[in-house]
Amino acid sequence: MKYILVIGDGMADEPVPELGGKTPLQYAQTEMIDKLASAGELGSVLTVPESMPAGSDTAILSIFGCDPRAYLAGRAALEAAAGGIELVPGDVAYRCNMVTFEDGDMPYEERKILSHSAGSIEGAFADRLITELFESPAFKAAAQNAGMVIYPGSSFRHIAVQKNPDISGIKLTPPHDHLGEPIGDLLPDGCANAKVLNELMRLAFAFLNDHPLNTNRRKEGEMPANGIWFWAEGETKKLPDFTEKYGKSGAVVSEVPLCQGIGALLGLDVIFVEGATGELDTNYEGMVDATLAALEKHDFAVIHIEAPDECTHNGDTKGKLQAIEWVDSRVVAPIYERMRRSGEDFRMLIISDHKTLTSTRGHDGSPVPYIIYDSRFDRQTGLSYHEDDAALGNHIDAGTKLMGCLFEMTTDKKADD
């Protein structure tokens, strides 16, 4: 028996007026996923504990069987693990996004966040800008005084590490949850070190806003990467060994450092695929090939697709629909067909880690639909994979139980550890 987990990041949503009151999952054409929903177990699951903010860090930890209330010590620390960044006790990692602030003569605090990803800036440009920023005299001196170094991420996602800061009481805000809002009330707050981060962000804006690369991006109709944004602070924390917990070896195929880092900390193989961008143009076929190759060596493989989430954050409803349809036709369908041809029995869990709302362009922690398909059975319920039909099925009150369900464990005990 082989086991496959397909995560379509942010696919789930609420009804969208522009889609005739349907959710994107209801509106999109998802022939294969709907076939598996009818044949398998369709239900809803709470992946984000009610006491925690909605995000992929909490949701994906839950899906992998780790209660985020016990194991989440900050998203950036999880992402650092993906890049082999070793945090020593006292180190704090931050996600350092390249962002777009609106242009104009207004004060810094009155500028709005237009994009959490600087318009999905290309990796080479992002790495050049962040490297030149940390090498510029004024910023370099301030970063050294703060004990901060940067690890470029070849996308808008960089990791900053600060030596021995006191972050007690710090309040850092995810930029993708506040698009279109003035930054004044969103800037780091709550402790003395927040002032240090604020000063670094101001210096970054002063350097980046008129950088020749950004001047050229404006001329070409692209968003400038004229700011940085610190958030997702955290220290390293050990996760339970996945194979010891579930008795299955496994691998993770993902485009983004969060899922890669969680996989690495769980002791799973992490597979990097060329051209896996985390955007709509990602290398779907390469990721599918890597997932199926992993199953030749392992019992379990994960494929995580980021595009539905990114398209929603970017306000691109058409792109979200396309991403969902490509998860269906370019991910789930070929995996299903090739597993069927192999003749080996398999179980497949398909899930949206959390909702990403078209209405707000931010995350939501309410229950999401899931499918557990088993190649040995066909229930023929006639149900489809979307929020309304999922509400008619089984409800799982904690995402930590999903792995136990996928692996047909006889007890939830281990899933709740």
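**Aromatic stops**

Begin by selecting Y3, F64, F242, Y246, F300 and F407, which together make up one aromatic cluster. The model you are looking at is predicted.

The charged end of K248 lies over the F407 ring, 5.8 Å from the ring centre.

Now widen the view to the whole structure, where there are 17 aromatic pairs. For one of them, select F101 and W229: the ring centres are 6.2 Å apart and the planes meet at 65°, so this pair is edge-to-face. An angle over 60 degrees is what counts as edge-to-face here. Colour strand 3 (residues 92–101), which contains F101, and strand 7 (residues 227–234), which contains W229; the two residues are 128 apart in sequence, so their pairing ties together separated parts of the chain. Are F101 and W229 buried or exposed? Both F101 and W229 are buried.

Next, select Y336 and F346. Their ring centres lie 6.2 Å apart with the planes at 75°, so this pair too is edge-to-face. Y336 belongs to helix 14 (residues 317–342) and F346 to strand 11 (residues 346–351), and the pair, 10 residues apart, links distant parts of the chain. Y336 and F346 are each buried.

For the last stop, select W326 and R330. Which ring does the charged end of R330 sit over? It is the ring of W326, with the charged end of R330 placed 4.7 Å from the ring centre.

Conventions:
Residues numbered from 1 in each chain as written. Predicted model: local features only at pLDDT ≥ 70, side-chain atom pairs only at ≥ 80, totals over all residues. Heavy atoms only, no water. Phe/Tyr/Trp six-rings, centres within 6.5 Å; stacked < 30°, edge-to-face > 60°. Helix = DSSP H or I, 4+ residues; strand = E, 2+ residues; numbered from the N terminus. Buried < 20%, exposed > 50% of the residue type's maximum accessible area, 1.4 Å probe, protein only. Lys NZ or Arg CZ within 6 Å of the ring centre and 35° of its normal.
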